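Colleague: I would like to learn how to read a few features from a model. Please take them one at a time.

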Amino acid sequence: MVRRGSSPTPLVTGLVEHECPRCHREVELPFGQLCGACRAAIKSRAKKTARIGATLSTLAVALYILIPFPADGRARTVGLVGTVIWYVLSYIVVRRMMQNWER
């Protein structure tokens, strides 16, 4: 039976990069990590794109729900709540997708 290694740290954890892999600035980073400026730029760009995408898709859903304007007050309330929930969920999905894609 092959004996398991007893290294206290995994192989990749001990490695250090001396520049950011995205912007090539000189910094000390753990292997595979981005600098703070790159992470902030990715996050702000993802938020902006998510706002635009969520707004456009929510407008389409709101038009789809409200064009045949429901006469019942409860149906209008459910439609409006559904539209708000659609915005929140689509914002979260687009933001996470953009953050993962930009890396």
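Modeller: Begin with the nonpolar surface patch, which Ile52, Leu56 and Leu59 form, with about 300 Å² of accessible area together. This is a predicted model, in which local features need pLDDT of at least 70 and side-chain atom pairs pLDDT 80 or more, while totals for chains, interfaces and linings use all residues. Residues are numbered from 1 along each chain as its sequence is written, and side-chain values use heavy atoms, leaving out hydrogens and water.

Colleague: What makes a patch of this kind?

Modeller: Its residues have over 30% relative accessible area and no salt bridge, and nonpolar side chains (Val, Leu, Ile, Met, Phe, Trp, Tyr) are joined within 5 Å. A salt bridge is a side-chain nitrogen of Lys or Arg within 4 Å of a carboxyl oxygen of Asp or Glu. Areas come from the Shrake-Rupley method with a 1.4 Å probe.

Colleague: Is Leu56 buried or exposed?

Modeller: Buried means under 20% relative accessible area, exposed over 50%, and partly exposed in between. Leu56 has 56%, so it is exposed. Thr83 has 11% and therefore counts as buried.

Colleague: Which residues is Thr83 in contact with, neighbours within four places in sequence aside?

Modeller: Contact means heavy atoms within 4.5 Å. For Thr83 they are Thr58, Ala62 and Ile65.

Colleague: How many aromatic pairs are there?

Modeller: Rings of Phe, Tyr and Trp (its six-membered ring) pair if their centres lie within 6.5 Å, and planes under 30 degrees apart count as stacked. The count is one: Tyr87 and Tyr91 are stacked, 6.3 Å centre to centre, with 20 degrees between the planes.

How values were computed: Buried means under 20% relative accessible area, exposed over 50%, partly exposed in between (1.4 Å probe, protein chains only). Rings of Phe, Tyr and Trp (its six-membered ring) pair if their centres lie within 6.5 Å; planes under 30 degrees apart count as stacked, over 60 as edge-to-face and the rest as tilted. Patches are made of residues with over 30% relative accessible area and no salt bridge: like charges are joined within 9 Å, nonpolar side chains (Val, Leu, Ile, Met, Phe, Trp, Tyr) within 5 Å.
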